[in-house]
Amino acid sequence: QTATDLDGIRFDHFARYEMIAQMLRDERQGKSDSFGLDSFCGTGYGSSMIAKAVGGAMLGIDASDEAIEFANEHYGRPSLFYASKKFPFELPRDTFDFVVCMESIEHVSDDKGLLTELDKSLKEQGLLFLSTPNSAYLSLSINPNPFHFKHYTFDEVTDLVHGVGDYELLT
């Protein structure tokens, strides 16, 4: 999704980030000292939506230098930082109050490695927001995407997340 403003973003992409922003507004209850990560942030519109809604600081990372340049140009602000980082990467430990990983885990061959790294970067009681195509509705064999390694069933993604950390899942 590439658009210089939110009006150009497809509704389903916009809605995912709006849902997270609302959940964080409710959870953070007006605290503006949070620090969040948007891993695989793409062109930065979602990071911008969350940063604006929640306050605090936000870091968006993506492997595409072009996407990061676009994000900085169109969605950057003083408390929102974008940087190029290609997986596998290391993140600072116990740093983020929340981590967002939307429609991204299917793009890496080491899904457990990615989730482990994101988990380690969260502070205790941190929140992880994860979404991925559900193979029960969007099978990779029927809807091939050359950039996806795997689509997950609900049980597969649940098992993967529980294999990394002790998370309470909201579905």
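Q: Is valine 99 buried or exposed?
A: Buried means under 20% relative accessible area, exposed over 50%, and partly exposed in between (1.4 Å probe, protein chains only). Valine 99 is buried, with a relative accessible area of 0%. This is a predicted model: local features need pLDDT of at least 70, side-chain atom pairs count only at pLDDT 80 or more, and totals for chains, interfaces and linings use all residues. Residues are numbered from 1 along each chain as its sequence is written, and side-chain values use heavy atoms, with hydrogens and water left out.

Q: Which residues is valine 99 in contact with, leaving aside its neighbours within four places in sequence?
A: Contact means heavy atoms within 4.5 Å. Valine 99 touches Leu37, Leu118, Ser121, Leu122, Leu127, Leu128 and Phe129.

Q: Where is valine 99 found?
A: Helices (H or I, at least four residues) and strands (E, at least two) are DSSP runs, numbered from the N terminus. Valine 99 lies in strand 4.

Q: How many bridges join strand 1 to strand 4?
A: Two strands pair if DSSP finds at least two bridges between them. Here there are three, and the strands run parallel. Leucine 37 stands opposite valine 99.

Q: How many residues of strand 1 are buried?
A: In a regular strand, side chains alternate between the two faces of the sheet. In strand 1 (residues 35-39), four of the five residues are buried.

Q: How many bridges join strand 1 to strand 2?
A: Five, and these strands also run parallel. Aspartate 38 stands opposite glycine 60 in strand 2.
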